Each structure stands twice: as C-alpha cells, then as structure tokens.
Amino acid sequence: RPVVLVGAGTGVAPLAGFIRRNDGHRRMDLYYGGRDPALDFYFDTDIQGWLAEGRRASARTTFSRVPGGGHVQDALRRDTPRLRELLAGGAIVRVCGSRPMAQGVAQVLDGILGALYLSVAQLKANGRYAEDIF
C-alpha cells in the first residue's frame with residue numbers, strides 16, 4: 001500500500017528513516033512543514049536524492065515564517081484530491097511531530113476523508129493511521 005508521511009520540524013527524522021529504508025520502492029508521499037527553510041529544512045539534500053532513487057514519490061514542503069508559507073495542514077488541504085485518491089486506494093498514514101500539529105493534521109484529514117465516508121478514527125482502528133507525537 002502507498003504511505004503518506006506527515007511531519008513538522010524534527011518530526012521529519014523518523015519519517016526520513018522510513019524513506020531511507022524503502023528498498024522496495026513502495027509509494028511514499030512526504031508532507032513536511034517547518035518554520036524557515038534556511039534554518040530548519042532538515043534532510044533537504046536527502047529528500048531530493050530519495051526522489052531520484054525512487055524511495056519517495058513526492059515531497060510537499062511548507063514553511064510558516066516565509067511569505068506565502070503555511071503549516072503542514074495547509075499543504076494537506078492544497079493536495080485534497082490527490083490525498084483522497086491515495087486514501088481511497090488503501091494508503092496508510094504516519095504522522096510525527098508535536099501534539100498540536102498532529103491534532104491539526106487529524107482535523108484536516110477528517111475533512112478530506114469525509115467525502116469517502118471515512119475518518120481518522122476508522123483508519124486508526126484498521127491499522128492505517130499511526131502517530132509518534134510529543
């Protein structure tokens with residue numbers, strides 16, 4: 001199944017581990033949020049390399065302290081059609097970062113999943129949604 005990885009700040013580190021070990025080239029889409037790309041775009045070079053190696057399908061990044069930026073939840077909203085397609089196709093979701101970010105991500109995903117008659121709670125119950133939050 002495809003994997004949707006969502007992280008912010010240092011929460012991207014465990015997600016980077018998933019991508020780094022994606023030797024089977026499973027579809028992985030990364031949504032990463034930070035404050036300032038000049039200061040906290042962790043794994044920037046690696047993320048680009050992983051695309052070339054086929055270890056990830058896409059990376060959507062957003063930075064809250066730059067003009068036109070936003071939070072990772074905003075990146076998810078902007079990608080609603082693609083996320084619906086992935087989730088309808090059985091994708092699993094992994095979220096890593098702060099508790100407030102994870103709560104915001106769950107709210108946005110509930111809105112996206114509503115059109116599929118699904119919810120984050122249902123994904124969790126079916127082992128398709130996991131969080132590593134702090």
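In this predicted model, residue F43 sits in the loop that lies between helices α2 (37-40) and α3 (44-52).

**Residues with positive phi**

- Most residues other than glycine have a negative phi.
- F43 is not a glycine, yet its phi is positive, at about 65°.
- F43 counts as partly exposed because its relative accessible area is 26%, and partly exposed covers values between the 20% limit for buried and the 50% limit for exposed.
- Y117 is another residue other than glycine with a positive phi, here near 55°.
- The position of Y117 is also in a loop, the one between α6 (99-114) and α7 (120-125).
- With a relative accessible area of 74%, Y117 is exposed, since exposed means over 50%.

**The sheet**

- Strands of a sheet pair through backbone hydrogen bonds, and the pairing is either parallel or antiparallel.
- Here, five strands form an open sheet in the order β3-β2-β1-β4-β5, and their pairing is parallel.
- At the edges stand β3 (58-63) and β5 (129-133), each of which pairs on one side only.
- From one strand to the next, the twist averages 10°.
- Strand β4 (residues 92-97) runs parallel to β5 and is joined to β5 by five bridges.
- Across this pair of strands, C96 stands opposite D132, a residue in β5.

**A helix across the sheet strands**

**The largest pocket**

- The largest pocket holds about 360 Å³ of space.
- Its lining consists of 20 residues, and the closest to the centre of the pocket are A8, G9, G33, G34 and R35.
- The elements that contribute two or more residues to this lining are β2 (28-34) and α4 (72-78).
- Which classes of residue make up the lining of the largest pocket? There are 12 polar, five nonpolar and three charged residues.

Terms used: Residues are numbered from 1 along each chain as its sequence is written. This is a predicted model: local features need pLDDT of at least 70, side-chain atom pairs count only at pLDDT 80 or more; totals for chains, interfaces and linings use all residues. Side-chain values use heavy atoms; hydrogens and water are left out. On a 1 Å grid over the protein atoms alone, a cavity is a set of points where a 1.4 Å probe fits but cannot get out, and a pocket is an open set with protein on both sides within 12 Å along at least five of seven lines; lining residues have an atom within 4 Å of a point. Grid points are joined across faces, edges and corners, and a volume is the space filled by probe spheres set on the points. Helices (H or I, at least four residues) and strands (E, at least two) are DSSP runs, numbered from the N terminus. Ala, Val, Leu, Ile, Met, Phe, Trp, Tyr, Cys and Pro count as nonpolar, Asp, Glu, Lys and Arg as charged, and the others, Gly among them, as polar. Two strands pair if DSSP finds at least two bridges between them. Axes are lines fitted to C-alpha atoms, for helices over the stretch in contact, and angles run from 0 to 180 degrees between N-to-C directions. Buried means under 20% relative accessible area, exposed over 50%, partly exposed in between (1.4 Å probe, protein chains only).
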